[in-house]
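User: I would like to learn how to read the features of a structure, starting with an annotation and then moving on to the contact between chains. Could you take me through them in turn?

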There are 2 protein chains.
Amino acid sequence: MSAEPPVPETRVLAVASHVVSGNVGNKIAVFAMQSLGCDVAALNTVQFSNHTGYKQWKGTRVSAEEITDLYEGLRQSYLDDFDMMLSGYIPGAAAVEAVGRIAEDLKAKGQARGPGSFFWVLDPVMGDNGNLYVAQDVVPAYKKLIDHADLMLPNQFEAELLSDVKIEDMASLERAIQVIHERYGVPHIIITSVSIPHPDHPPHSLWVVGSSMTSDRRARPFKIVFPAIDCYFSGTGDMFSALMAVRMREAAVATPGLSQTRSWLSGDEVEATDLPLATAAEKVLASMNEVLDKTCRAMTAEVQRARDEMKGLGEEEAKKRLHLLQSRAAELRLVRNLESLRSPVVVCRAQKM
Amino acid sequence: MSAEPPVPETRVLAVASHVVSGNVGNKIAVFAMQSLGCDVAALNTVQFSNHTGYKQWKGTRVSAEEITDLYEGLRQSYLDDFDMMLSGYIPGAAAVEAVGRIAEDLKAKGQARGPGSFFWVLDPVMGDNGNLYVAQDVVPAYKKLIDHADLMLPNQFEAELLSDVKIEDMASLERAIQVIHERYGVPHIIITSVSIPHPDHPPHSLWVVGSSMTSDRRARPFKIVFPAIDCYFSGTGDMFSALMAVRMREAAVATPGLSQTRSWLSGDEVEATDLPLATAAEKVLASMNEVLDKTCRAMTAEVQRARDEMKGLGEEEAKKRLHLLQSRAAELRLVRNLESLRSPVVVCRAQKM
């Protein structure tokens, strides 16, 4: 395993949910970034016993005031000199606004230090597959603050909500990306799960689509197609955005002068597939594929064992028990797969759209 | 760097404080155990912006009810099958009692699975150097529950509080250990910082004293003497106990049959210096020494730079600012020193007392 971290000393503020057991939100993001050498400040927006996909959990949310207060705690002790911020699930519109004010403050401080000194990776967690799982007023709250984001990682549904473009085919997919660049000025975007089928892709494949805009806000889209793994997982979005934060930093630092350029945005001469964003996403998807593959193998064995143990239970009880066991087996297996995080083998490369 | 984790799959419940920025409590313990391959459930007893040694912080404590509630959340979803528990700072007597009930429940479940199935590492955080930094009623609360602990890691002051023995010389040090074995039946104990001088030790050295009791509760004491590093650090106790949990597990698993023995307690024929506890402590102190050395080198440079920057500030302001910067520089540098956690070079060996 490579002992050298892929990035220089990097201080990241991670704002997301915390679960006692399992690997979603900050619980997975903090470890992923720490194991790649980042000094992570973890501001937890909830503390739940487990993620809500189990359909039962205990714990409490952190209020917007507390989020602001914790940040003020950092500020007053000169602990707010962050190179990056990663934000994930934030409970409610008031809390989203509070996080937006933090981003604004950090961005202003970064500008004082010079271009490229602060970079915000925003996962605008709102819903999936056509279902909103936050309150309605969270959507306009996000729309107001995303012009501060440097890299945004919506899934297809969230990209639709933010662009007001219904994504049904290649043309509307590219239009949604163009709208997000143009309307909000977000320099980098990756749509993390594209569900529209593509005639040229192999069967059982998924794809992500990314773009870093040009100086006149034109999209430079690329796609990465990768094999689907036939398992349900939790925490994939959170792992993806945490690794993207680190690998984007790595790619920016590897390009002379880029990390001292506003939003680490490449010159107009750079082709879509040569973008640092594309290089970063290739590595991240390679890590994801390795971890997901290992999780899926273990999951199949665990669920089979669980089924055997549950023989004799009543139908309702067995169904509930199986759901809980499947939820647990779907937690990503990160800690014993450090090698996959640090030194993934890149197989799937970025392609032109 | 070794890619193989030192322990088999191990599920640990870690109960301690959480700080957004910095490395104390669960913030350091969770990463230390994860990076050695443990699946860690992190139950945070507070969320503060930074540790209280900065003399200013924001955030809130978690109530005893919430701690109980979060554990109930794990229990109801079959997420309470822990191999180990590590407990650190717990805010107040009611919360200590709540954690005691969790330990009791996990111990009972472990007993049902067979001897050695559950192991509790207890750091009874109460004070240091003669000063109590918790409420008075926390001391009797700990006294009531420590008979469930498998390994206890008090500092010298906490060992005095629990044994009611004033530690002033070698004789009273050994007596305190004997009392803790006898009175509470705690099988393994390490006193993590012994401040009494010893004529035979080299200058500028520190020592820890450990013991695993025999079947009739006699102490088997050993000591490890190591060079002192002339810097003030925070989080050392939390790092020590997290690494001890993992290395104790490693040492128990390495001894045939031991991890299926009650409290992983070696037979009476094993000499003090050959105890798994001694082997574990040697590795932990080696990791600590490497991380502390690297932290100290960086700290010296940082504090010098800070002093230069502060020229021109008023005396009061400069003093406050320097304290904050020193506090920050004293945070242990873990994430970029994974190698020291995973593959430390053992230099200082356990000796007979």
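Analyst: We can begin with a record: the unreviewed UniProt entry annotates residues 289-316 of chain A as "coiled-coil region", where positions follow the numbering used here, feature names are shortened, and annotations may be inferred rather than shown by experiment. In this predicted model, local features need pLDDT of at least 70 and side-chain atom pairs count only at pLDDT 80 or more, whereas totals for chains, interfaces and linings use all residues. Residues are numbered from 1 along each chain as its sequence is written, chains are lettered from A and ligands numbered from 1 in the order in which they are written, and side-chain values use heavy atoms, with hydrogens and water left out.

User: What is the helix content of residues 289-316 of chain A, and how far apart are the end C-alpha atoms?

Analyst: The span is 82% helix and 0% strand, and its end C-alpha atoms lie 35 Å apart; helices (H or I, at least four residues) and strands (E, at least two) are DSSP runs, numbered from the N terminus.

User: How should I read the area buried between chain A and chain B?

Analyst: The size of an interface is often given as the accessible area lost when the parts come together. Here about 4900 Å² is buried between chain A and chain B, with carbon and sulfur atoms giving 52% of it (accessible area with a 1.4 Å probe, summed over both parts). Tyr78(A), Arg328(A) and Arg336(A) supply 15% of the area that chain A buries against chain B, more than any other three residues. The contact, meaning heavy atoms within 4.5 Å, takes 56 residues from chain A and 56 residues from chain B.

User: How many salt bridges are there between chain A and chain B?

Analyst: With a salt bridge taken as a side-chain nitrogen of Lys or Arg within 4 Å of a carboxyl oxygen of Asp or Glu, the count between the two chains is 4. One of the salt bridges joins the side chains of Glu9(B) and Arg333(A), at 3.3 Å from N to O. Among the elements that give two or more residues to the side of chain A that touches chain B are strand E1 (11-19), helix H1 (25-35) and helix H9 (315-329), while E2(A) gives the most, with 8 residues.

User: How are the two copies related?

Analyst: Two copies of a chain are related by a rotation about an axis and a shift along it. Chain A can be laid on chain B with an RMSD of 0.0 Å by a turn of 180° and a shift of 0.0 Å along the axis (least squares on the C-alpha atoms of residues with pLDDT of at least 70 in both). That is the relation of a two-fold axis. Since 100% of the interface residues of chain A are also interface residues in chain B, the copies meet through the same surface.

Technical notes:
Buried area is the accessible area (1.4 Å probe) that two parts lose on being put together, summed over both.
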